Amino acid sequence: MTVTTPKTDAVLLAASDLARSVLEDVAEPGTIGAHLGMDLLQERLGMHWFECTSPGYRGWRWGVSVARVSRAKVATVCETNLLPGPDAVLAPEWLPYADRLAPGDLGAGDVLPFRPDDPNLEAGFEATGEEDVDQMAFFELGLGRPRVLSAEGREVAASRWYDGDHGPTAEIATKATAHCTTCGYFLPMAGALRATFGVCANEWSPSDGRVVSLDHGCGAHSETDMDHPEPMPIGEPIVDEFAVDLEPAERANRDAEDRDVEDRGEESHGSDDPVTD
Ligand code: SF4
């Protein structure tokens with residue numbers, strides 16, 4: 001027999017004032033807003049929703065569950081909740097502390113936790129049990145590290161470098177006219193990755209000191225050049241003979257001379273005046 005939940009319940013629906021009055025006993029005063037409706041959760045069990053107006057709970061809703069017994073005409077309150085709505089501001093998912101550091105976060109003095117099962121590493125040397133053989137391996141073959149990169153670790157690093165800012169798809173590489181593989185500043189690497197990568201040793205390049213792929217490139221390539229603009233020819237100086245530039249001292253002297261000339265002119269005019277007495 002299948003039980004179908006009715007679409008509504010008139011008794012529970014009418015219990016919104018009861019729900020609000022109970023909520024006022026538990027909610028922070030002044031944080032209960034408008035009634036948002038009721039959801040019938042199952043037969044004779046509903047949830048009345050009220051807006052939460054607390055500024056710290058934007059998008060949250062008060063939920064008050066109400067129920068009634070069979071054939072009862074009175075509802076009763078089961079519990080009250082403050083629940084996030086679809087637009088609620090929520091804290092991010094909790095992340096274990098060990099997973100919170102991201103690549104590039106490490107600063108001076110920081111130490112990462114030891115990861116005995118790091119998939120990027122594998123045992124660097126397995127002792128044979130024969131001391132002479134083991135010592136030879138350590139000191140002549142340079143196998144002094146407990147762990148070295150695993151094939152997976154090499155693959156992950158190679159993909160990251162190749163797809164990054166110093167691989168062939170970087171913008172500077174797509175505009176370069178020649179690749180690192182023909183550049184005099186390209187230092188080949190030793191080991192399994194030498195077929196794909198090396199190190200740039202050009203201080204003029206943004207990749208200086210970085211691992212670059214053979215098909216990376218930049219405008220600082222040792223063999224590229226650009227046309228240098230011809231310097232402007234230096235011709236005969238052009239002298240403007242009609243303009244006069246006066247220095248301040250000369251100008252003052254010139255003004256004084258002009259005033260003398262004017263004064264003398266007035267005096268001479270004055271002596272020519274007829275005597276009127
Ligand atoms: S200078 Fe440019 S082309 Fe030369 S190795 Fe460095 S990144 Fe490559």
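Predicted model: local features only at pLDDT ≥ 70, side-chain atom pairs only at ≥ 80, totals over all residues.
**Entry 1: the chain**

I began with the overall make-up. The chain has six helices and nine strands. I then looked up burial: of the 277 residues in the chain, 15% are buried. Next I took the contacts between residues at least 6 apart in sequence. Of these, 50% join residues at least 24 apart.

**Entry 2: β1 and β2**

I went to the strand pair β1 and β2. Strand β1 covers residues 32-42, and strand β2 covers residues 45-52. I find seven bridges between β1 and β2, in the antiparallel sense.

**Entry 3**

I moved on to an open sheet of three strands. The order is β7-β8-β9, and the pairing is antiparallel. Which strands stand at the edges, and why is one side of each left without a neighbour? β7 (186-188) and β9 (211-213) are the edge strands; each has a single partner strand, so one side of each lacks a neighbour in the sheet.

I then took the pairings one by one. β7 is joined to β8 (residues 197-200) by three bridges, and the two run antiparallel. Here I noted that Pro188 stands opposite Gly198 in β8. β8 also pairs with β9 over three bridges, again in the antiparallel sense. For Val199, the bridge partner in β9 is Val211.

A reminder to myself for reading the side chains: in a regular strand they alternate between the two faces of the sheet.

**Entry 3: the ligand shell**

Last, I looked at the ligand. How many residues surround the ligand? I count 14. The closest are Cys180, Cys183, Cys200, Asn202 and Cys218. One of these, Cys200, falls within the residues of β8, 197-200.

I sorted the shell by class. Eight of its residues are nonpolar and six are polar.

Technical notes. Residues numbered from 1 in each chain as written. Near = placed C-beta within 6 Å. Nonpolar A, V, L, I, M, F, W, Y, C, P; charged D, E, K, R; others polar. Pairing = 2+ DSSP bridges. Helix = DSSP H or I, 4+ residues; strand = E, 2+ residues; numbered from the N terminus. Buried ≥ 20, exposed ≤ 12 C-beta atoms within 10 Å, placed from the backbone. Contact = placed C-beta atoms within 7 Å.
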